[in-house]
Amino acid sequence: MADRYLTVALSKRGVECTARLLFDKAPLTCAAVWEALPLAGDVYHAKYARNEIYALLPAFAAQEPPLENPTVTPIPGDLCYFTFTDVQLGTDSYGYEPAAAHRGRATVVDLALFYERNNLLLNGDTGWVPGIVWGEVVEGLDVMADACQDLWRTGAAGETLSFRRA
């Protein structure tokens with residue numbers, strides 16, 4: 001199979017990077033994401049995992065992928081896929097506003113980009129939170145990392161994280 005690429009973008013900031021899907025390591029997850037593209041949602045910056053931005057999306061796969069190519073220590077450029085229930089993301093400690101788009105969904109998909117080192121997927125409420133590594137940024141991570149730092153410092157309100165075929 002030929003390599004497949006997607007563009008990950010922060011719309012308001014006009015920044016994007018290119019990632020290669022890891023079909024050889026996470027074929028079911030990659031197929032689910034690829035078929036669902038384009039995807040976009042409000043961006044959030046991680047509170048616990050450190051150097052991560054993500055969007056919370058409605059479930060889009062016919063069946064949620066199994067935990068293939070898992071990690072709890074993502075590296076810069078990793079794209080990760082997580083599945084949560086509304087209850088798991090429903091506590092005030094996570095900082096989501098009551099009107100957040102994911103509220104009330106039985107299944108919430110978290111598509112994340114890790115942009116710097118020293119990430120650990122450990123949640124104080126639930127313990128380890130393994131993610132599926134389904135893509136790797138191959139171009140533009142430095143510019144995206146700068147935009148992610150700006151998002152951390154100045155806020156994510158009004159910003160969208162999008163994924164589309166390159």
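## Second largest pocket

By class, the lining of the second largest pocket has five nonpolar, two polar and four charged residues; Ala, Val, Leu, Ile, Met, Phe, Trp, Tyr, Cys and Pro count as nonpolar, Asp, Glu, Lys and Arg as charged, and the others, Gly among them, as polar. The model is predicted: local features need pLDDT of at least 70, side-chain atom pairs count only at pLDDT 80 or more, and totals for chains, interfaces and linings use all residues. Residues are numbered from 1 along each chain as its sequence is written, and side-chain values use heavy atoms, with hydrogens and water left out.

The volume of this second pocket is about 150 Å³. A pocket is defined on a 1 Å grid over the protein atoms alone, as an open set of points where a 1.4 Å probe fits, with protein on both sides within 12 Å along at least five of seven lines; lining residues have an atom within 4 Å of a point. Grid points are joined across faces, edges and corners, and a volume is the space filled by probe spheres set on the points. Among the lining residues are Arg 20, Lys 25, Asn 69, Asp 78 and Glu 136. Strand 10 gives the most to this lining, with three residues. Helices (H or I, at least four residues) and strands (E, at least two) are DSSP runs, numbered from the N terminus.

## Largest pocket

The largest pocket has a volume of about 630 Å³. Its lining comprises 34 residues, of which Phe 84, Leu 89, Asp 110, Asn 123 and Val 129 are the closest to the centre. Two or more lining residues come from each of strand 3, strand 4, strand 6 (78–85), strand 8 (122–123), strand 10 (131–139) and helix 2 (141–154). Strand 6 gives the most, with four residues. The classes here are 23 nonpolar, eight polar and three charged residues.

Val 129 sits in the loop between strand 9 (127–128) and strand 10. With a relative accessible area of 16%, Val 129 is buried; buried means under 20%, exposed over 50% and partly exposed in between, using a 1.4 Å probe and protein chains only. Leaving aside residues up to four places away in sequence, Val 129 touches Thr 71, Val 72, Phe 82, Phe 84, Leu 121 and Asn 123, where contact means heavy atoms within 4.5 Å. Val 72 is 57 residues from Val 129 in sequence, yet their C-alpha atoms are 6.5 Å apart.

## Aromatic pairs

The structure holds four aromatic pairs. Rings of Phe, Tyr and Trp (its six-membered ring) pair if their centres lie within 6.5 Å; planes under 30 degrees apart count as stacked, over 60 as edge-to-face and the rest as tilted. Tyr 44 belongs to strand 3 (residues 39–45) and Tyr 54 to strand 4 (residues 52–58), so the pair ties together parts that are 10 residues apart in sequence. Both are buried, Tyr 44 at 14% relative accessible area and Tyr 54 at 8%.

Phe 82 and Phe 84 also form a stacked pair, because their ring centres are 6.0 Å apart and their planes lie at 15°. Phe 82 and Phe 84 are both buried.

## Backbone features

The peptide bond from Leu 37 to Pro 38 is cis, with omega near 5°. Pro 38 lies in the loop between helix 1 (27–36) and strand 3.

Arg 50, in the loop between strand 3 and strand 4, has a positive phi near 90° although not a glycine. Asn 69 likewise has a positive phi, near 50°. Asn 69 is in the loop between strand 4 and strand 5 (70–71) and is partly exposed, at 25% relative accessible area.
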